[in-house]
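Visitor: I am new to this structure. Please show me how to read some of its features.

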Amino acid sequence: MVRPVVDRRAPLTHEEIARYSRHLIIPDVAMAGQERLKAARVLLVGTGGLGSPLALYLAAAGVGTIGLVDDDVVDASNLQRQIIHGTSDIGVHKVASAKASVLEINPHVEVVEHRTFLTSDNALDIIADYDLVIDGTDNFPTRYLVNDACVLLGKPNVYGSIFRFEGQLSVFWAEEGPCYRCMFPEPPPPGMVPNCAEGGVLGIMAGHIGTAQGIEGIKLIAGIGDPMIGRLGLYDALEQRWTYVKVNKDPACPVCGPEPTVTALIDYEEFCGVPSHDRMVEADLSLAELEILPNEYAEIAGKPDVVLLDVRETHEYEINRIPGAVLIPKDTLPGRLSELDPTKEYVVHCKSGVRSLESTELLRGAGLRARSMRGGINAYSKQVDPSIPVY
Amino acid sequence: MPKVRIPTPLRSFTGGVAEVVVDGTDVREAVANLDVAHPGIGERLLTEDGQVRRFVNVFVRDEDVRFQRGLDTELDEGDTISIVPAVAGG
């Protein structure tokens, strides 16, 4: 048991006592716990897959103030897991959509809107106003940013992440145990670990891990139970199994160790080598020479020495394809370079332009002429051939 | 023989299988044998000079080998090696 994160209590109204009755009759929660929940200020970083169940359940549970950080708008591809948003919210700012859902569930909650992405410039100011941070982001740079900011401010950080059928859960609180960097000192190199936009995720995983994070949050606020400090939970949906491993506090941790080398927020995109979002690769001048736009490809598509190479997985090829494309999945490419013809010019594409860029560099390293289609088949559909479905 | 838990991102190497059995008296030997059985997986776990990659965590008896004897951490017959990669989705 650790000290409750929130030591303050906010008195309940009669209406709230009626609403939270099922909490109040649990001896471990009771009035003290519920009044701590009401006094609590919780920041949810991201209102996506994990943020959706978090915001809904924490609001229902009576957390008094919920801060929402995001600067994205609702997209159709979000709705498979981001249940706080509905079909009519497509195109609406996620923070606005989430706030409306929260207030519909519980009008007693105060929602603080932060219509911005969390950055090294704003993170300390935003997080300082909260008791607890729950990390529901979708990318490595923001995960390291959230961690470092929480360590610097002494805030607990409830961590959860998901990929395909797998989830991770822990509580990082440097004053009581290890931090995220103790567990993962360095981010994976770009392209080594696919994100959800590239690799996919079973939507309901967000509910499973997000609600588990919410439970940890409530335990921390109310000071009940045994929070997941120093433990990492690993959930495998295919086997319907949780396993737990120990997370040690690293005495050499650059942020929370006794001799920290990171004492202020850094440039996390540079640290991770990837942008802070899991969507399409944005225009980058340094990539200009490596890339080709979909409409530029359309102009040269018929030429005999131009080959379109699709490096997605077979199951993605079944969803959609650009006519004439040759399919060689990215992971099999290193062993199949001999199938490629040095006299040809290769245009490489994937779903959104990340894997194809990596494959292009591989091809070029092997002496082949190659360019990566910026934005992938989804951009090709939008710019050149709308008859191709976008996924 | 020790068991190895394979995380989702690496299951393409094991034909989708979540748990495999390998021979080995320490983690180094087990990873080498794992790579023989499932070529390519070793490179995802170890750097070129044979160290565990910093974004991959290898657990034996639920404890990170970085805080035990690293790749020299001994294995017993009934041990399970868990491989935990960093994932960031949300």
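Guide: Start with a pair of side chains: A:Glu345 and A:Arg371 form a salt bridge, with their closest N and O atoms 2.8 Å apart. A:Glu345 lies in strand S12 (residues 345-349) of chain A and A:Arg371 in strand S13 (residues 369-373) of chain A, so the pair ties together parts that are 26 residues apart in sequence. This is a predicted model, in which local features need pLDDT of at least 70 and side-chain atom pairs count only at pLDDT 80 or more, while totals for chains, interfaces and linings use all residues. Residues are numbered from 1 along each chain as its sequence is written, chains are lettered from A and ligands numbered from 1 in the order in which they are written, and side-chain values use heavy atoms, with hydrogens and water left out.

Visitor: What is a salt bridge, and how many does the structure hold over all chains?

Guide: Side chains of opposite charge can pair when their charged atoms come close. The term here means a side-chain nitrogen of Lys or Arg within 4 Å of a carboxyl oxygen of Asp or Glu. Over all chains there are 33 salt bridges.

Visitor: Which salt bridge crosses between chains?

Guide: One of them joins B:Arg11 and A:Glu166, at 3.6 Å from N to O. This pair runs from the loop between S1 and S2 of chain B to strand S6 of chain A. Strands are DSSP runs (E, at least two residues) and helices are runs of H or I (at least four), numbered from the N terminus.

Visitor: Are B:Arg11 and A:Glu166 buried or exposed?

Guide: Both are buried. Buried means under 20% relative accessible area, exposed over 50%, and partly exposed in between (1.4 Å probe, protein chains only). Back in the opening pair, A:Glu345 counts as buried because its relative accessibility is 16%, whereas A:Arg371, at 25%, counts as partly exposed.

Visitor: How do I read a sheet?

Guide: Strands of a sheet pair through backbone hydrogen bonds, either parallel or antiparallel. In chain B, 5 strands form an open sheet in the order S2-S1-S5-S3-S4, with mixed pairing. Its edge strands are S2 (19-21) and S4 of chain B, each pairing on one side only. Two strands count as paired if DSSP finds at least two bridges between them.

Visitor: How many bridges join S1 and S2 of chain B?

Guide: Strand S1 (residues 3-5) of chain B pairs with S2(B) over 3 bridges, in the antiparallel sense. B:Lys3 has B:Val21 in S2(B) as its bridge partner.
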